[in-house]
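Open the model in your viewer and keep the selection tool ready. This tour goes stop by stop, and each stop names what to pick.

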Amino acid sequence: GIVRHRGKIEAAIGNARACLDLREAGGLSALVWSHAPDEPLRPVPTAFADIPAETPQSKALSKALKSAGFRFVGPTTVYAFMQSAGLVNDHLVSCHRHAPCRMLQESHRRR
């Protein structure tokens, strides 16, 4: 009852199938992390206006996901996902989560 748009329901099912198809290529995680930025955002955001809605990496990941059969994965949606998954740290410098998220990103890059 929450999602009433038939296309989105069909896309969720199709996206699950596409995710399963990625298993042989290392999985969805490998695809997503292969598009993580090499460097943190420069300059570090100091105001909400400094936070982009999409980046070259989110555009590339969006294109890769679409090529893999995913739907409803535009660059803005993908950038929001990258934010939530910790691939990018666009917390404002004044935010109490900026430094801890930066440390997590740096530890992931060292792997």
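Begin with charged pairs: the structure holds two salt bridges. A salt bridge is a side-chain nitrogen of Lys or Arg within 4 Å of a carboxyl oxygen of Asp or Glu. Before you select them, note that this is a predicted model, where local features need pLDDT of at least 70, side-chain atom pairs count only at pLDDT 80 or more, and totals for chains, interfaces and linings use all residues. Residues are numbered from 1 along each chain as its sequence is written, and side-chain values use heavy atoms, with hydrogens and water left out.

**Stop 1: R6 and E10.** Select both. R6 forms a salt bridge with E10, and their closest N and O atoms are 3.1 Å apart. Both residues lie in helix α1, four residues apart, about one turn of the helix. Helices here are DSSP runs (H or I, at least four residues), numbered from the N terminus. Is R6 buried or exposed? R6 is exposed, at 61% relative accessible area. E10 is partly exposed, at 36%. The cut-offs are under 20% for buried, over 50% for exposed, and partly exposed in between (1.4 Å probe, protein chains only).

**Stop 2: E54 and K59.** Their side chains meet in a salt bridge, 3.5 Å from N to O. E54 is partly exposed, with a relative accessible area of 31%. K59 also counts as partly exposed, at 45%.

**Stop 3: I13.** Go back to helix α1 (residues 6-21), where I13 has its place. I13 is partly exposed, with a relative accessible area of 44%.

**Stop 4: A47 and V93.** Find A47 in the loop between α2 (27-33) and α3 (56-67). A47 is partly exposed, at 33% relative accessible area. How far apart are the C-alpha atoms of A47 and V93? They are separated by 8.5 Å, although the two residues are 46 apart along the chain.

**Stop 5: the largest pocket.** The volume of the largest pocket is about 310 Å³. A pocket is an open set of points on a 1 Å grid where a 1.4 Å probe fits, with protein on both sides within 12 Å along at least five of seven lines; lining residues have an atom within 4 Å of a point. Select Q83, A85, G86, V88 and C101, the closest to the pocket centre of the 18 lining residues. Then show α4 (75-85) and α5 (98-109), the elements that give two or more residues to the lining. The largest share, five residues, comes from α5.

Technical notes: Grid points are joined across faces, edges and corners, and a volume is the space filled by probe spheres set on the points.
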